[in-house]
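Subject: Structure handover

Hello,

The structure is below, and my notes follow it. Please read them with the model open.

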Amino acid sequence: MSFILRRLGAIVPTLFFVSVMIFGLQQLLPGDPAIAMAGEERDPNVVAYLRGKFHLDEPLPVRYGYWLKGVVQGDLGESVRIQRPVTELIVEKLPVTLELAGIAMAIALVIGISAGIVSAVYKDTWIDYVANVFALWGLSTPNFWLGILLILFFAVRLGWFPASGYVSPFEDLGENLRSMILPAFVLGNALAAVLMRHTRSAMLQVLSSDYVRTARAKGLDERVVILRHALRNALIPVVTLTALQLGELLSGAVLTEQVFSIPGFGKLIVDAVFNRDYSVVQGVVLFTASAYIVLNLLADVAYVLINPRMRA
Amino acid sequence: MAAVAFADVALPRELSPGERALRRLVRRRGAMVGLAFVVFFVALAIFASWIAPYDPLATSWSAVRKAPTAAHWFGTDEIGRDVLSRVVWGARASLLAGLVSVGISLAIGVPVGLLAGYVGGWVDMLISRITDAMLACPFLVLAIALAAFLGPSLTNAMIAIGIAATPAFVRLSRAQVLAVKVEDYIEAARAVGNSDWRIALRHVFPNIVAPVIVQATLAIAAAVIAEASLSFLGLGQQPPAPSWGSMLNTAKNYVENAPWMAVWPGASIFLLVLSFNLLGDGLRDALDPRHI
């Protein structure tokens, strides 16, 4: 409990610096931020409105205070382009990205952990070699290129999956899954490679430990030794890594959603960038960073809970 | 007599740690393949004007979206430009982005990490919290946000990637300094009256270089993907200048009838990133202090 309280205390300064950094992004805009945010027309009325709304005539720390007060109350500002609160837009788009990230994570876990186990068990054989090549492929392939190749092969040539677009699961669950398989595989590809490498190295460490040797000496079946004795302990660091990788999935979703025209969180930030909708960009980055910090905390807590030695 | 005979035997010169690491690196086939491809891409980038068969910006309305032929090995794009020439010139943008952005990260990250680790106290606490805050933003999201506010261009993309990758170097350098500064030789350097500056630069810094080199090599791979990603989103190299990412952005609209437009720029990104990853993995194994 004291550990959790200590960790909670430690995230406060981090969140503070995140807020300063994201507020500071606005200062990077060349010239007058009100003019930059007013779009191509630069309507003087809009400029004056923005200057008043963002307190641009006030000193910087005072502006930060106003901004932070709004953020704490859940007000991330308003989209200049579509005149809607940023929080509302995030809440609307987030479920799509979470579904995509969830399926991608499931694919990555199945492929990554299985490949990691097999690679460790058959260390220095051709199976290990193939698994390592697969990991290098996953780490080196830009996911937007993989997306285009999969569209070309599975959507255009074979017609098995739609090339782009999104169907809500509440409208048609089957179509929803069909539209999500390719983007989820693309998004999960790099994560599967990371998980494979970590599972392999954790398994190799555990397989050479005394208790595994004892289990083998007792005459236990090799499958039982690997799955019941070795894997359970090898998965502890992998579990925490998985939670931390969710942040990376959100990052990857930006490109994947762009390739497959999925109207999620990633597309929201890209559209905002091109419409110079800076409040949306700030809101999305702030939300992502905060979510990452909370996930980090949960990963630490999970690590303590599943690792008895940490509790002692 | 026996002692004289023993002294006459020419003993092999003992290799320095650097030479031993180099020998280990050369023995790693993967790292050498990676290095060969890196050299190949560097040559493409430097000699692009001699290697590219056509002007990468020259359009030809009579050769729009032509499949690969003897005249155009990689085919042509949506306005008749030669894809091979654009891929060759695109190597320049990718490598430049990789090297410059990692240069920025090194120039900021290593001194700041050195300062945090060596000075400690509130300086360390402040730097660590700022680093945590930057690491809390996923790398690409932070780079997109920075590039969006700075404005779309290759230079700004490199700055954005460089800044977004900096906290990893701060954290690594700080951790290495913390491990090195408790060593006996640092204590000895202090005991003989060296100043803090001298100890930090002459004794601590050289001992943290190896892991920083490994991280830098792997960071170049990440920076190449990041530049391609930003260009793919329209935030990096601006058309008509060739860049692998922006070529893919255009190619995705013609994937049904001109797939070659997507294959080659993507394969180039993949090969270059793979090469740096192979080289980085090899360097990590070769420079691992446990082996030296």
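Helices (H or I, at least four residues) and strands (E, at least two) are DSSP runs, numbered from the N terminus. On that basis chain A has 13 helices and zero strands.

This is a predicted model: local features need pLDDT of at least 70 and side-chain atom pairs count only at pLDDT 80 or more, while totals for chains, interfaces and linings use all residues. Residues are numbered from 1 along each chain as its sequence is written, and chains are lettered from A and ligands numbered from 1 in the order in which they are written.

Chain A

The C-alpha trace of chain A spans about 80 × 55 × 35 Å along its principal axes. Of the 312 residues in chain A, 40% are buried (20 or more other C-beta atoms within 10 Å of the residue's own, with C-beta atoms placed from the backbone).

Contact between the chains

Chain A and chain B each put 38 residues into the contact, where two residues count as touching if their C-beta atoms, placed from the backbone, lie within 7 Å. On the chain B side, α6 (121–136), α7 (139–150), α11 (209–232), α12 (244–251) and α13 (260–287) each supply at least two residues. The most come from α7(B), with nine residues.

Leaving aside neighbours within four places in sequence, A143(B) is in contact with A160(B), I161(B), A164(B), A226(B) and L230(B).

Regards

Key
A residue is buried if 20 or more other C-beta atoms lie within 10 Å of its own, exposed if 12 or fewer, and partly exposed in between; C-beta atoms are placed from the backbone.
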